[in-house]
Amino acid sequence: MLLLTTALVTLGTGGAIAAAPPGLPAPEEGLNLLVVGVDSRAGLTDDEKERYRLGHSECACTDVMMLMHVSAAGDRVSVVSLPRDSLAQFPTGHTDRSTGETHAAHPAKINNAWKEGGPAFTIRTVEAMTDLPVHRYLEVDFRRFMDTVDAVDGGVPVCTPTRLKDPVTGLDLAPGTTALRGGEALQYVRSRRADGKMDFGRIQKQQKFLANLHHTLRGGLLNSPDALRALATTLRGTGQGERGVSVTELVELAGRLKNLPPSRTEFAVVPVRGFNPDIEGVGSTLAWDERQAGEVFAALRADRPLPRLAPAAPSDIPQGLGEYRPVEGGALLCA
């Protein structure tokens, strides 16, 4: 899982983009960071798996995928969630890292890119689908997500007007505001059966959690460079692979954006057209609205805010779920 990277790069203790290592984009280009949450239980105890309803099997895929654009001026962060069931077309000639098989071109869910080809293939898949360069990459598993949230004093507040109860994740939140610690926060951001909104509801929870985390941290880590670096180190972990963001880069980007208020962050889900017919061996997938998605990614390529688009044609996705609606980060905060 993930969700803490944007909070880190929208906080900070000083520093400037000019101090970053070579390879970061030139200021006029902005920065695109791909953040993925991997369905991995590595490092979790049996007690934690039981307590937080995590099960014992892994899909070896990315349950969460967010493309974050940091503006060249450092005055805006745009986050676009890419639903895990989005239909992708994998190219011919890539080698499956788990089987060693060389694949012909084939359709797949976007979250299967990590399983077949790891971080590098995930990056290439997102670049092909968005026509945006991915400059840096970060993946976070369940253990790192829980540990990073546990490092936040007092937990992270989430709020709901009605009870949220998910029989799969074990989430059970009363109406109002609740401060969540690591394991409970993981249940919240993984929940997609508590409100009848499927994966779209889970994405909404993830974005709300991220906005409230950002707000919670602004008053604390700004005054503690050591604490910020420790948090970034916990989040970053080891590994990462191709274009993996470093702890130093996370802290330096945080310095670049240290004065960014929640109102200067924006969140959206990529525009979708509806569900595709089931594909043998793949299952149910989501089709992006190619025209509107193209406008969204064109805006990010031009370093502009997320566009406000006219509603797309009706689809088979229930109204209020799949619509493209950019939301200002401040609007997601608990009162």
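This is a predicted model: local features need pLDDT of at least 70, side-chain atom pairs count only at pLDDT 80 or more; totals for chains, interfaces and linings use all residues.
Is Glu29 buried, exposed or partly exposed?

1. Glu29 sits in the loop between α1 (5–9) and β1 (31–38). Its relative accessibility is 42%, so Glu29 counts as partly exposed; the buried class ends under 20% and the exposed class begins over 50%. Leaving aside neighbours within four places in sequence, Glu29 is in contact with His69, Ala72 and His135. The C-alpha atoms of Glu29 and Arg301 are separated by 7.7 Å, although the two residues are 272 apart along the chain.

2. Overall make-up. The protein has nine helices and 14 strands. Of its 335 residues, 55% are buried. Among contacts with a separation of 6 or more, 69% are between residues 24 or more positions apart.

3. Nonpolar cores. In soluble globular proteins, nonpolar side chains tend to be buried together. Here the largest nonpolar core has 48 residues. Those with the most contacts inside this core are Val77, Phe145, Leu173, Leu186, Tyr188 and Phe209. A second, separate core holds 36 residues, including Leu34, Val126, Leu286 and Ala293.

4. Helix α5. This helix is mostly covered, with eight of its nine residues buried. The buried residues are Gly182, Gly183, Ala185, Leu186, Gln187, Tyr188, Val189 and Arg190.

5. Packing of α5 on α6. The axes of α5 (residues 182–190) and α6 (residues 198–218) come within 7 Å. They cross at roughly 135 degrees, and the two helices are therefore oblique to each other. On the α5 side, the contact uses Ala185, Tyr188, Val189 and Arg190. On the α6 side, it uses Arg202, Lys205, Gln206, Lys208 and Phe209. By class, the contact residues are four nonpolar, one polar and four charged.

6. The α5–α6 loop. Ser191 lies in the loop between these two helices. Its relative accessibility is 0%, so Ser191 counts as buried. Not counting residues up to four places away in sequence, Ser191 touches Asp166, Thr169, Leu171, Arg202 and Lys205. Arg202 and Lys205 also belong to the contact of α6 with α5. The C-alpha atoms of Ser191 and Gly201 are separated by 8.0 Å, with the two residues 10 apart along the chain.

7. The disulfide. How many disulfides does the structure hold? There is one. The bond joins Cys159 to Cys334, with an S to S distance of 2.3 Å. The torsion about the S-S bond is about -100 degrees, so the disulfide is left-handed. Cys159 lies in strand β7 (residues 156–160), and Cys334 lies in the segment after β14 (327–328), so the pair ties together parts that are 175 residues apart in sequence. Cys159 counts as partly exposed, at 28% relative accessibility. Cys334 is buried, with a relative accessible area of 16%. The cut-off for buried is under 20%.

8. Backbone points to check. Asp131 is not a glycine, yet has a positive phi of about 55 degrees. Asp131 lies in the loop between α3 (113–130) and β6 (136–140). This residue is exposed, with a relative accessible area of 52%. Met198 is not a glycine either, and has a positive phi of about 55 degrees. Met198 lies in helix α6. At 32% relative accessibility, Met198 counts as partly exposed.

9. Pro91. Where does Pro91 lie? Its place is the loop between β4 (87–90) and β5 (106–109). At 46% relative accessibility, Pro91 counts as partly exposed. Pro91 touches His103, Ala104, Ala105 and Phe121, with residues up to four places away in sequence not counted. For Pro91 and Ala104, the C-alpha to C-alpha distance is 6.9 Å, and the two are 13 residues apart in sequence.

Notes
Residues are numbered from 1 along each chain as its sequence is written. Side-chain values use heavy atoms; hydrogens and water are left out. Axes are lines fitted to C-alpha atoms, for helices over the stretch in contact, and angles run from 0 to 180 degrees between N-to-C directions. Helices (H or I, at least four residues) and strands (E, at least two) are DSSP runs, numbered from the N terminus. Angles under 35 degrees count as roughly parallel, over 145 as roughly antiparallel, 65 to 115 as roughly perpendicular and the rest as oblique. Contact means heavy atoms within 4.5 Å. Ala, Val, Leu, Ile, Met, Phe, Trp, Tyr, Cys and Pro count as nonpolar, Asp, Glu, Lys and Arg as charged, and the others, Gly among them, as polar. A nonpolar core is a set of buried Ala, Val, Leu, Ile, Met, Phe, Trp, Tyr and Cys residues joined through side-chain atoms within 4.5 Å. Buried means under 20% relative accessible area, exposed over 50%, partly exposed in between (1.4 Å probe, protein chains only). A disulfide is a pair of cysteine sulfur atoms within 2.5 Å.
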